[in-house]
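I opened the notebook to record what could be looked up in one structure.

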Amino acid sequence: MKRQFQGEWFVLGLAGNTYSIEHRSLLNPYITSFELKNNSYFQVTNSMTRGKRCDTWSYTLIPTAKPGQFTVENKGSGADKEDVQVIETDYTNFSLVLSLRKTSSYTITRVSLLGRNWRLTRKIIERFICFGKAQKLTKNNFIFPDVTDWVPEQKLC
């Protein structure tokens with residue numbers, strides 16, 4: 001799985017128990033890149049354009065004993081524990097990824113819909129919505145980047 005999952009993925013949808021309708025305007029199209037390091041862990045880098053500024057953020061995914069499951073490497077003693085699981089992927093078109101971050105008082109649930117290009121079939125988007133609802137998320141917890149004026153060849157950052 002590791003080698004096939006490498007490379008650029010476009011973030012086409014997010015769902016989470018901390019997202020609401022107000023967050024929709026904040027989500028610009030962005031790319032997440034998975035780079036396999038030492039054939040063991042992923043360095044993940046996200047890049048999003050906000051106006052003329054490029055925001056990037058990174059983290060490391062450490063594999064667990066179960067294929068497709070990872071722990072986010074946290075720096076510092078007070079950092080929240082976060083587990084990431086690739087729920088479903090075909091490696092060439094789409095991937096559904098579940099993230100559970102445990103804070104001291106509750107669990108933050110996030111489901112990401114990733115695609116190798118900017119367009120996915122309705123069937124895949126419906127699977128994303130169905131899986132999100134199975135995580136007890138409501139329609140108000142789903143956000144999608146506005147790609148109406150997006151040119152696929154346009155470079156992010």
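The entries below follow those topics in order.

**Entry 1: ground rules.** I noted that the model is predicted, that local features need pLDDT of at least 70, that side-chain atom pairs count only at pLDDT 80 or more, and that totals for chains, interfaces and linings use all residues. Residues are numbered from 1 along each chain as its sequence is written, and side-chain values use heavy atoms, with hydrogens and water left out.

**Entry 2: the nonpolar cores.** I looked up the largest nonpolar core and found that it has 20 residues. A nonpolar core is a set of buried Ala, Val, Leu, Ile, Met, Phe, Trp, Tyr and Cys residues joined through side-chain atoms within 4.5 Å. Buried means under 20% relative accessible area, exposed over 50%, and partly exposed in between (1.4 Å probe, protein chains only). The residues with the most contacts inside this core are Phe-5, Leu-14, Phe-34, Phe-42, Leu-61 and Leu-114. Two or more core residues come from each of β1 (7-16), β2 (30-37), β3 (41-50), β5 (69-72) and β6 (81-89). Helices (H or I, at least four residues) and strands (E, at least two) are DSSP runs, numbered from the N terminus. Apart from this core I found another, of 17 residues, with Ala-15, Leu-113, Phe-131 and Leu-137 among them.

**Entry 3: the surroundings of Phe-34.** Which residues does Phe-34 touch, not counting residues up to four places away in sequence? I listed Phe-5, Gln-6, Gly-7, Trp-9, Phe-42, Gln-43, Val-44, Leu-61 and Leu-114; contact means heavy atoms within 4.5 Å. Phe-34 counts as buried, at 8% relative accessibility. Phe-42 is buried as well, with a relative accessible area of 1%.

**Entry 4: aromatic rings.** I counted nine aromatic pairs. Rings of Phe, Tyr and Trp (its six-membered ring) pair if their centres lie within 6.5 Å; planes under 30 degrees apart count as stacked, over 60 as edge-to-face and the rest as tilted. The ring centres of Phe-5 and Phe-34 are 4.8 Å apart and their planes stand at 70°, so this pair is edge-to-face. The pair links distant parts of the chain, with Phe-5 in helix α1 (residues 2-5) and Phe-34 in strand β2, 29 residues apart. Phe-34 also forms an edge-to-face pair with Phe-42, at 5.8 Å centre to centre and 85° between the planes. Ring pairs join Phe-5, Trp-9, Phe-34, Phe-42 and Phe-70 into a cluster.

**Entry 5: a charge over a ring.** I found the charged end of Arg-116 over the ring of Trp-9, 3.8 Å from its centre. The rule requires NZ of Lys or CZ of Arg within 6 Å of the ring centre and within 35 degrees of the ring normal.

**Entry 6: salt bridges.** Side chains of opposite charge can pair when their charged atoms come close. I counted seven salt bridges, each being a side-chain nitrogen of Lys or Arg within 4 Å of a carboxyl oxygen of Asp or Glu.

- Glu-35 and Lys-37 meet at 3.4 Å, N to O; Glu-35 is partly exposed at 42%.
- Asp-83 pairs with Lys-81, with the closest N and O atoms 2.9 Å apart; Lys-81 is partly exposed at 45%.
- Arg-127 pairs with Glu-88, with the closest N and O atoms 2.2 Å apart.

Arg-127 lies in helix α2 (residues 122-134) and Glu-88 in strand β6, so this pair ties together parts that are 39 residues apart in sequence.
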